Every structure is written in structure tokens, then in C-alpha cells.
Amino acid sequence: MSISPNTPLTAGTRRLLPLNLLWPWLVAAVILIILPLVFDSRSALTIMNQMGITIVFALSYNMLLGQGGMLSFGHAVYMGLGGFCAMHVMNMVEGGLWLPLPLLPIVGGIFGLFFAFLIGSFSTRRAGTVFAMISLGVGELVAASSIIIVIFFGGEEGISGDRTMGPEFFGLDFGAQSQVYYLTALWLFIAALGMYLYTRTPIGRISNAVRDNEERAEFLGYSQRHVRWISFCASGFFAGIAGALFAINFEILTEENLNLVTSGSILLATFLGGVGFFIGPIIGAIVFTLLQTVLALYTEIWSLYLGILFLATVMFFPFGLTGLLAIHILPWKLGKFRLLVKPYALMAIPALMVVLGGAAFLEILFHIRSAAVGDSEMTLYGITFDSHGVLPMLSAIVVFVIGVYLLNKLAPMLKEAFAQATSMKGAGS
Amino acid sequence: MSLFIVNILDGLVTGLLLFMLCSGLTLIFSMMGVLNFAHASFYMLGAYFAYQISTYTGFWVGLIVAPIIVGVFGALIERYGLRRVHKYGHVPELIFTFGLALLIEEVVQFFWGRSQMPYRAPEALDFAAFSIAGNAFPAYKVFMIFVAIGLFLALLYILTKTRIGMTIQAALSYPETVQNLGHNVPLVFMGVFGVGTAMAGLAGVIAGPVMGTFPGMAVFLGSIVFVTIVIGGLGSLWGALIASLLIGWIQTFAATYNVRMEDILTGLGFDKPEPIWDSAWQDLWTLTLPQIGPILPYLLMVIVLVVRPQGLFGKRES
């Protein structure tokens with residue numbers, strides 16, 4: 001099977017940051033350390049913890065999808081099972097087993113690895129579409145079993161634990177949210193570094209080769225199946241770490257951590273950020289968590305917006321947000337970035353019109369369909385009006401349509417500016 | 001014995017319904033190489049459209065009109081969505097249909113809310129067709145069986161005996177040649193996708209009153225459909241038929257026979273630990289067949305994959 005070089009999956013060989021140098025990692029470490037000093041509210045800490053866990057999970061997912069070309073619809077299984085096992089171990093610590101809490105993610109990782117080894121033995125036999133469906137079936141199997149096997153999964157209520165009951169670790173008892181933050185941040189750093197180094201090993205490189213052309217890799221003497229299996233196990237290990245971090249942070253795990261919804265949202269987050277790029281899933285997880293928490297504060301139909309955003313990403317920017325950033329590196333290096341400033345500034349107005357008009361249309365429609373009978377007053381963008389009236393709906397539609405029209409009008413200009421900005425002529429001026 | 005026959009018939013209804021979904025999915029997959037993750041979402045749309053139409057005009061108009069609307073909708077999605085993503089390869093296509101499934105569920109909740117719709121079978125079919133030892137078999141289910149079989153025969157006829165079917169099959173293997181012979185291959189693909197989704201829509205129209213019309217119906221059936229075509233063997237219409245019937249019967253029988261693990265274990269000579277809720281084997285002892293019914297198709301899939309990776313009727317390894 002020949003794949004054109006312009007697919008989202010094979011984009012990963014391009015690099016956005018020189019991660020083989022030391023300074024990006026030092027910067028990342030410094031940012032991780034000072035973040036809670038800048039955003040020190042309790043809710044900010046909660047969001048950052050959730051972000052850290054999602055980043056580890058998304059990176060491990062990208063190891064499959066971006067590095068190995070395996071689309072999985074059941075990746076939550078390895079995070080969830082790792083988390084459940086870690087939670088049981090945490091409860092054993094309460095019963096007298098000696099294990100400091102900061103080492104618990106290793107336990108989760110080992111169990112994630114174990115289950116990935118087991119399930120990977122038959123599911124990695126085939127790649128592509130078939131692998132995707134098998135992963136879905138296995139995911140559904142585990143999620144459905146979790147309701148039946150009460151003693152391990154705790155049934156509908158799930159299982160819970162207490163992270164503060166373990167032995168003290170240098171005077172830390174992990175009762176405070178900030179201590180949990182630093183624990184998560186430390187493991188985020190270790191896991192991210194580990195996963196990055198994995199991509200630099202021979203096996204990481206060969207998994208790229210298998211992704212791009214499995215027949216040729218086989219011909220060179222590498223069993224494509226074994227290569228996939230090894231990648232799958234490594235990915236399961238890091239997913240298990242994410243699961244244990246989840247167990248530590250939230251102190252409860254339920255069926256929800258195993259089901260298709262969780263597996264689907266990690267696909268969403270990773271793709272949104274950009275598969276293939278190493279920092280794609282990191283950006284994706286941050287944006288996704290922010291959208292999830294912030295959008296949900298403002299609107300009831302946030303998941304509809306998320307769905308639209310995801311579909312638009314797949315259709316128009318298959319390289320994700322990182323891909324969008326990446327295409328601006330060349331103009332920047334050529335010193336022609338200023339050529340793009342004006343077109344972008346001009347495009348920003350109709351783009352804003354499309355977003356605001358479209359959102360207003362959906363919100364008004366949703367209010368008409370779902371509000372209680374007689375309740376027709378709604379507030380949007382600080383304006384209170386009658387949602388059943390013709391004028392608000394009409395103006396939303398008009399704003400949206402004008403925005404789309406202007407975007408179409410201005411698009412050729414941006415294209416031309418881009419062609420100029422990326423051409424070598426007159427560089428460095 | 002009579003319960004057995006009733007179960008056979010009930011399983012047949014479930015199996016044929018599953019097959020209506022699988023056949024559309026298999027058609028699209030073998031023609032275009034696209035695995036339509038959103039297939040069950042079109043089934044859900046069929047049920048919701050038919051419900052909405054039936055509130056104005058009654059069941060029968062919905063039966064005809066709803067699948068057509070779903071088919072046109074599907075064709076438009078192929079034209080303006082899938083075709084765009086196609087150039088990036090199969091995995092982004094699959095991701096696209098996955099996103100589509102999520103979006104359709106959100107849109108359905110947006111318009112109709114989260115609760116179940118009062119979508120009912122027509123009164124003309126609201127009687128018992130026959131009864132077996134006191135168990136009445138509703139006429140609507142007989143109707144379902146005939147619609148499913150009729151659809152299958154029509155599909156088989158069109159694909160193997162007509163010019164259109166020949167063009168479709170040729171376009172699958174030699175798209176360039178067929179294109180050069182003057183056929184519009186992209187249009188053929190659009191048509192195939194439209195017909196496939198219309199079949200899913202039809203399944204939704206007739207299943208809606210029996211299985212319930214609610215936003216979770218696509219997710220509920222979606223993964224079972226995928227499991228079924230993996231068991232049957234990807235791209236094999238006969239495999240899809242056999243696997244659908246198999247799963248229909250497994251689920252029906254598992255739901256009606258209350259076999260308890262406790263009886264089996266004591267029958268084998270094990271002692272029941274007392275008190276049971278303190279034992280680590282608690283789950284093993286309290287399991288019953290209706291409880292594990294929902295996971296049986298997935299278990300079957302894993303077993304089939306381990307023993308025969310290409311599926312029951314699949315020809316190739318990948």
C-alpha cells in the first residue's frame with residue numbers, strides 16, 4: 001500500500017522544536033515549576049492536574065497513532081486498568097504495604113504494560129482499519145465487564161481510595177492539592193522525556209517505518225507484527241502511568257474511565273493538537289482540557305461545538321493546531337512574517353463574525369427547542385432579548401452569512417501572501 | 001420447546017435488523033474502502049426522521065420518506081466531507097466518520113433532547129400474527145422480517161444482475177478504466193454511500209418502535225455492528241449475514257435462559273463460600289447468563305480473532 005507523503009500521520013518526521021537539545025526541556029521544567037505560583041487558585045490547580053494527566057495519556061496515544069500508525073478506539077482500557085490496579089495497590093498501602101505514593105505511577109505503568117502485552121498479542125496482528133475495530137471491540141468488552149465484575153471494578157459506583165494514608169515521603173503527605181500538582185508534574189516530565197527518548201531508539205524509528213510501509217519493513221527483516229506489539233506495550237505502559245496519576249488525583253475510578261467516551265476524547269484531543277508531531281498531543285491536551293472546562297461554564301451545548309471543531313479540524317487542518325504552527329516557521333525564518341500580519345488582521349474580523357453569528361444561531365435555536373414553555377427570554381453576549389422573536393435570529397444568520405462571504409472573498413489574498421512569505425526570493429530582508 | 005421457537009424467531013428479527021446495518025456497511029466498505037464509523041448514526045437519524053414525519057402523516061409515509069432523506073444526507077456528506085478527507089488516506093477517513101458519529105449524536109440531542117421518543121408501530125400491524133403455546137408473536141415483527149429479507153434480495157439482484165451493479169463492482173477494482181469508459185466514478189461512489197446510508201436509515205425506521213428511539217441507540221448498536229462484520233469477515237456479505245444471525249440468536253437466548261453460575265459450580269462439586277459477599281470469588285458465584293449476555297458478542301469476536309484472524313468468511317489476512 002502506498003501512502004502519499006502528505007498524510008497527517010507521516011507529518012511526524014518534521015519537527016517544531018529542537019527537542020534533541022537540552023534547553024526546550026529545561027524551559028518546560030521551569031514552566032512546570034512556576035505555573036502553580038502564577039495560577040494558585042484551587043480550581044486552576046485542579047485544571048492543571050487534569051491537563052497533566054491528559055498530556056501523558058495523549059502522548060501515549062500518539063505513540064500508537066502518530067508513531068506507529070495504529071488508530072485505537074480503546075486506549076482508555078490501558079489507562080483505566082492501570083488506574084484500577086494502582087487504586088487497589090493504594091488501598092493495600094493503607095492496609096500496611098510499604099510503598100511511597102510517588103512510586104505508585106510505576107505500579108500503574110507495569111499493569112498497563114501487562115494488559116497491553118496480553119491484548120496486543122492478538123490485536124496487533126493486523127494494522128489499519130481492522131486494528132481500529134478490534135481495539136473498539138476489546139474496549140467495549142472491558143467496559144461492559146467492568147459493570148459485571150464488582151469485586152475488582154466496584155460496579156456502578158467504582159472504587160475509591162485515600163492517597164494520604166501511605167508512608168510519608170520527605171515530609172509530604174499529599175493532602176494538599178499543590179503537592180499533588182508537583183507529583184503529577186514530575187511524572188509528566190519523566191513520562192514525556194521517556195516517550196521522547198523512545199522515539200529516538202531504533203525500535204521507535206522502525207515503528208515509523210512500519211507505519212509508512214509495512215511491506216518494505218518486513219522485507220528488511222523486521223516483523224511488522226512484533227514492531228507493532230512492542231510499540232503497543234510501550235504505549236500501554238505510559239497510559240498506565242496516566243491512569244495511576246488519575247487515581248492519585250481524583251481518588252476514584254469508575255466505569256467511565258474505561259469506556260468509549262474516554263477513548264474517543266483522547267483521540268479528539270490528540271488529533272486536535274496534531275498527530276505525528278511530538279508536541280502535538282501536548283498542545284491538544286491543553287486546548288482540549290481548557291475548552292472542556294471553560295466552554296462548559298458558558299454554554300450547555302459545549303460538546304456540540306467541540307464536535308464541530310473536531311470535524312472542521314479533520315476536514316480543513318488535518319495536521320492539527322501544531323501543523324498550523326508549523327507552516328508559519330518558514331515565513332518566520334525567512335524574516336517575512338510581517339507579510340502575513342495584514343491579511344490575518346483583515347481575516348480576523350469575518351472569522352469572528354462567523355464564530356459569533358454561528359454560535360448565536362445555535363444558542364437561540366437551542367433556547368427555543370429546550371427552554372420551558374413561556375420562558376422566551378435569554379441573554380447572549382450581555383444582551384437580553386426574546387428568543388422567539390424574528391430579529392435576533394435573523395441578525396445572527398445575517399452576521400454568519402456575511403462572515404462566510406467575506407472569508408471566501410479574502411481567502412485568495414491570504415493564499416497569495418503565503419506564497420510570497422514562503423518563497424525564497426528576497427529572504428532575510 | 002415453544003419458548004425455544006419464540007426465541008428462534010425473536011433472534012431472527014434481531015439478527016436480520018443487524019444484517020440490514022451490516023450489509024450497508026459492508027457495501028460501502030467493499031466499494032470505497034471506507035469503514036463508516038457513523039453508520040449506526042444514520043440508523044438513528046432514520047428512526048428520528050421517521051418519528052418526526054409520523055407525527056404529521058402516520059407511519060407509512062415515514063417508512064418511505066425517512067430513508068430517502070437519510071440517503072440524500074449521506075450522499076451529501078460523501079460529496080462534501082469524505083471526498084475531501086480521502087486524499088489523506090484511510091485512517092483520517094475513519095477519524096472523520098468517528099467525528100461525524102459524535103456530531104450526529106450531539107445534533108440529535110440538540111433537536112430532540114435526551115429522552116426517549118414516543119415512536120410507535122402502526123395500528124394496522126398492532127395485533128398478534130400467530131401464537132405458539134400462548135406466546136403471541138406480533139405482526140410487526142413478521143413485517144420486519146419481510147422488509148429485511150426483501151431488502152437483501154433486492155440488493156443481491158441489483159449487484160449481480162443489473163448494469164448498475166456491474167459498473168459498481170468494476171469501479172471498485174479498476175476505477176481508472178471505468179472512468180475512461182465514460183462512467184462517472186465519483187458519482188458512483190456518492191450513490192453507493194447514499195444507498196448504504198439509506199439502508200441504515202430504513203433499518204432505523206423499522207427498528208425505532210421496537211428497540212426504542214433515543215440518543216444512545218447509535219452507540220448501543222454501533223459497536224455491535226463493527227463486531228459483527230469483524231466476526232463475519234470484512235467485506236463478505238454472506239459472512240455478515242451469518243454473523244448477524246449468530247449474534248441475534250446469542251443475545252436473545254442469553255437474555256431468556258436464566259442459567260446461574262452458582263448452579264453450574266455446585267453441580268461440578270464446588271462448595272459455595274459463605275457469606276458470599278466476603279469472598280473474593282463473589283462475582284463468579286453470582287453471575288447469571290442474562291447478565292453476561294451483552295458481552296458475549298465481544299467475547300465471540302476475541303475468540304474468532306485468536307482462532308481465525310480473517311473472520312469466519314473472510315478471504316484475506318488484511
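Me: What do the numbering and the model rest on?
Reply: Residues are numbered from 1 along each chain as its sequence is written, and chains are lettered from A in the order in which they are written. In this predicted model local features need pLDDT of at least 70, side-chain atom pairs count only at pLDDT 80 or more, and totals for chains, interfaces and linings use all residues, while side-chain values use heavy atoms, leaving out hydrogens and water.

Me: Why is B:Thr197 called buried?
Reply: Buried means under 20% relative accessible area, exposed over 50%, and partly exposed in between (1.4 Å probe, protein chains only). B:Thr197 has 0% relative accessibility, so B:Thr197 counts as buried. B:Thr197 lies in helix H8 (residues 185-211) of chain B; helices are DSSP runs of H or I with at least four residues, numbered from the N terminus.

Me: Which residues does B:Thr197 touch, not counting residues up to four places away in sequence?
Reply: With contact meaning heavy atoms within 4.5 Å, B:Thr197 touches B:Ile28, B:Asn36, B:His39, B:Phe42, B:Val70, B:Gly71 and B:Gly74.

Me: Why does B:Ile8 count as partly exposed?
Reply: The relative accessibility of B:Ile8 is 30%, and therefore B:Ile8 counts as partly exposed. B:Ile8 is found in helix H1 of chain B. B:Ile8 also belongs to a nonpolar surface patch of about 930 Å², whose other members include B:Met1, B:Phe4 and B:Tyr257. Helix H1 (residues 2-32) gives the patch its largest share, four residues.

Me: What makes up the contact of chain A and chain B?
Reply: Chain A gives 47 residues and chain B gives 48 residues. The two chains bury about 4,200 Å² between them, 79% of it on carbon and sulfur atoms; buried area is the accessible area (1.4 Å probe) that two parts lose on being put together, summed over both. A:Arg126, A:Met133 and A:Ile148 supply 16% of the area that chain A buries against chain B, more than any other three residues.

Me: How many salt bridges does the rule find across this interface?
Reply: The rule asks for a side-chain nitrogen of Lys or Arg within 4 Å of a carboxyl oxygen of Asp or Glu, and between chain A and chain B the rule finds zero. On the side of chain A that touches chain B, H5(A) gives the most, with 13 residues.

Conventions. Patch = residues over 30% accessible without salt bridge, like charges linked within 9 Å, V, L, I, M, F, W, Y side chains within 5 Å. Areas by Shrake-Rupley, 256 points an atom, 1.4 Å probe, with all protein chains shown as cover. Helix = DSSP H or I, 4+ residues; strand = E, 2+ residues; numbered from the N terminus.
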